[in-house]
Amino acid sequence: MNLADGIWQQIFNFDNYGELLALVRNSLIAGVALGLVGGLVGVFVIMRDLPFAVHGISELSFAGASAALLLGVNIVAGSIVGSLIAAGTIGAFGARARDRNSVIGTIMPFGLGLGVLFLALYEGRAANKFGILTGQIVAVDTPQMSWLLGTSAVVLVALAVIWRPLAFASADPEVAEARGVPVRALSFAFMIVLGLAVALSVQIVGALLVLTLVVTPAAAAARVTASPVLLPVLSVVFAVVSIEGGILLALGSSVPISPYVTTISFTIYIVCRLAGTYRTRQWGARRTVPEAG
């Protein structure tokens, strides 16, 4: 076997695929939940220009998960605690964009440093350390599944409650505030919801690539539609396809799941961007025809 074949076998290997499929049942179920949460939350991340906040929260989520791994407690719980601390800090001290970016820029290296420290002190399996950063395909056991589904339900209920006023406040905060919408309270509430969503996504794609579930699907959907109904629907579909496709492709390989998820998500974004550009040009051409005549 030459080098190219060896690399291909590492990336795509479908030997005994049916037997391996049973090992990721929990991951597939969790993937649907995470796709739903990430797709819906991502709509507001794009509307409120918060991709940088997602990255900042993921760093403290990484620190929380690393601390939980070191202490031998539930990793999902540790990840959630770290995310909520970051989200609460950003929400409390980062009301304005400039202040928010400063807070995030301070939190990111601190969270990353703590996470590296905890992993350095951890003497267990190296795969556990690596999985927190890049995700693990078979890492979702039954206790974690309970945490994941329970937290997903909390996020979805919270979004259902605040969706309409949050959409108004995100689209036009000045007018929303003038009409009595509690813009600041909604902003803080959404940061907490975002923290929970990031903590959930870290469990599958790892702390380094969480943007691929919470940002990219919504960004792709926004390139092809501005409909308040179709946008979240497409965002969820893109997120679920990315994560489920990534799990199924990574199943037989020795490569972490995150490169597959990110590649599928990025491909969807490129296709949507090209489609959006083509549609814009077609619309522009149609409008100029009558003027020329």
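The legends below describe close-up views of a predicted model.

Residues are numbered from 1 along each chain as its sequence is written. In this predicted model, local features need pLDDT of at least 70 and side-chain atom pairs count only at pLDDT 80 or more, while totals for chains, interfaces and linings use all residues; side-chain values use heavy atoms, with hydrogens and water left out.

**View 1. The largest nonpolar core.** This core has 66 residues. A nonpolar core is a set of buried Ala, Val, Leu, Ile, Met, Phe, Trp, Tyr and Cys residues joined through side-chain atoms within 4.5 Å; buried means under 20% relative accessible area, exposed over 50%, and partly exposed in between (1.4 Å probe, protein chains only). Val41, Val45 and Leu194 have the most contacts inside the core. Helix H10 (residues 183–205) gives the most to this core, namely 14 residues. Helices (H or I, at least four residues) and strands (E, at least two) are DSSP runs, numbered from the N terminus. A second, separate core of 11 residues includes Ala220, Ala221, Phe238 and Tyr269.

**View 2. The surroundings of Val41.** Contact means heavy atoms within 4.5 Å. Neighbours within four places in sequence aside, Val41 is in contact with Val155, Leu159, Phe190, Val193, Leu194, Ala197 and Val214.

**View 3. Thr212 in helix H11.** Helix H11 spans residues 211–214 and contains Thr212. Thr212 has a relative accessible area of 6% and is therefore buried. Beyond its neighbours within four places in sequence, Thr212 is in contact with Val205, Pro217, Val261, Thr262 and Ser265.

**View 4. Ile247 in helix H13.** Ile247 belongs to helix H13 (residues 230–250). Ile247 counts as buried because its relative accessibility is 0%. Between Ile247 and Ile257, 10 residues apart in sequence, the C-alpha to C-alpha distance is 6.2 Å.
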